[in-house]
Amino acid sequence: MRDTVSVVVPTRDRASLLRRAVLSALAQTAPPLEVIIVDDASTDDTPDAAARLAQEDPRVRTLTVPEAAGAAAARNRGVAVARGDWVALLDDDDEWLPEKLALQLHAAAAAGDRVGLVHGGFEEVAADGSCVRGGLVSGGPERLRRLLVRGNRIGHSTVIVRRALLLECGGYDERLPRLQDWDLWLRLAARTGVAHVGRVVARIHRGPVAISADPARLVVAARLLAEKHAAGPGAAGLTPGEQADLLLTLGRLLTRAGQEGAAAPFLRRAAVAWPWSPRRALAATLLERAPALFDRAEILAARFAGGAR
């Protein structure tokens with residue numbers, strides 16, 4: 001018998017977008033067991049939009065959070081009541097392609113019990129409907145872990161996770177004001193095998209910059225992420241070199257958000273971390289002292305790599 005899937009859709013004040021996301025989940029060629037809409041204390045017509053969807057399709061369930069607690073808390077509440085073997089994560093402004101769940105369940109079945117997370121490709125869509133970027137990550141779990149310490153390479157709305165595993169690892173860290181999904185992938189990658197569907201399975205819609213993009217929130221999240229994943233031997237299952245690469249990545253994110261002072265400690269730790277790496281040391285030094293030069297060097301490196309293929 002095929003495994004069942006619960007879809008969790010957190011939402012807040014997205015009445016005009018929620019329907020597109022939910023209908024894309026209901027229209028899957030491998031139908032989900034249920035779609036759980038978690039309304040995080042919306043102040044617009046989102047509760048009515050969710051109620052209409054539930055009336056139209058018995059697979060839709062709705063939960064209401066009386067006081068806004070954030071997307072991470074809303075997702076955790078949805079996971080807690082889910083009944084499927086797998087939880088599929090869908091943001092309320094994104095949408096799935098029709099074969100998304102079928103492709104991922106097939107990949108999971110082929111991989112067996114050793115795999116607890118399956119992700120896939122995505123395309124980013126601008127407000128005018130044009131595709132601005134695509135994301136495909138291939139390779140085994142070791143390569144994925146090496147990529148994850150250098151940035152969040154997994155599209156949130158492309159993922160399915162075994163529900164038991166998600167509960168075992170504690171779900172989303174509600175203390176994080178940003179980067180909650182990246183933190184979760186790092187923790188899951190330390191616990192389970194990861195499978196990848198080498199096709200675009202979701203469209204990620206990019207709208208206006210949200211309040212969560214506040215640089216001050218990024219500083220808080222980066223510090224907590226470093227405490228959890230780069231605190232020394234054994235942290236999150238990362239090697240010392242991977243921890244140093246994570247510190248460098250956090251420093252780069254902060255630098256590009258205009259938080260150079262907050263970035264400096266991360267960059268200095270990355271530059272001198274053992275095992276010492278000339279690449280990492282040079283990158284950290286450039287980022288701290290000449291970020292514009294670092295950006296130009298990255299562009300040149302990308303052009304060279306593209307021409308060398």
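Ala 41 sits in the loop that links strand E2 (34–40) to helix H2 (46–56); helices (H or I, at least four residues) and strands (E, at least two) are DSSP runs, numbered from the N terminus. The model is a predicted one, so to speak of local features takes a pLDDT of at least 70, side-chain atom pairs count only at pLDDT 80 or more, and totals for chains, interfaces and linings use all residues. Residues are numbered from 1 along each chain as its sequence is written, and side-chain values use heavy atoms, with hydrogens and water left out.

Although Ala 41 is not a glycine, it has a positive phi of about 55 degrees. Most residues other than glycine have a negative phi, and most peptide bonds are trans. Ala 41 counts as buried because its relative accessibility is 14%; buried means under 20% relative accessible area, exposed over 50%, and partly exposed in between (1.4 Å probe, protein chains only).

Asp 13 also isn't a glycine, and its phi is positive too, at about 55 degrees. This residue is found in the loop between strand E1 (5–11) and helix H1 (15–26). With 29% relative accessibility, Asp 13 counts as partly exposed.

Then there's a peptide bond to look at: the one from Trp 274 to Pro 275 is cis, with omega near 5 degrees. Pro 275 belongs to the loop between helix H10 (260–272) and helix H11 (278–289).

Next up is Gln 104, part of helix H4 (residues 100–111). Gln 104 counts as buried because its relative accessibility is 0%. Its side chain makes a polar contact with the side chain of Lys 100 (2.6 Å). A polar contact is a pair of N or O atoms within 3.5 Å; within protein, one must be able to donate a hydrogen and the other to accept it, and residues adjacent in sequence count only if both atoms are side-chain atoms. Leaving aside residues up to four places away in sequence, Gln 104 touches (heavy atoms within 4.5 Å) Val 118, His 119, Gly 120, Thr 158, Ile 160 and Val 197.

Finally, the cores. A nonpolar core is a set of buried Ala, Val, Leu, Ile, Met, Phe, Trp, Tyr and Cys residues joined through side-chain atoms within 4.5 Å. The largest has 54 residues, and Trp 182, Trp 185, Leu 188, Leu 250 and Leu 254 touch the most other members. A second, separate core has 32 residues, among them Val 22, Leu 101, Leu 105 and Val 118.
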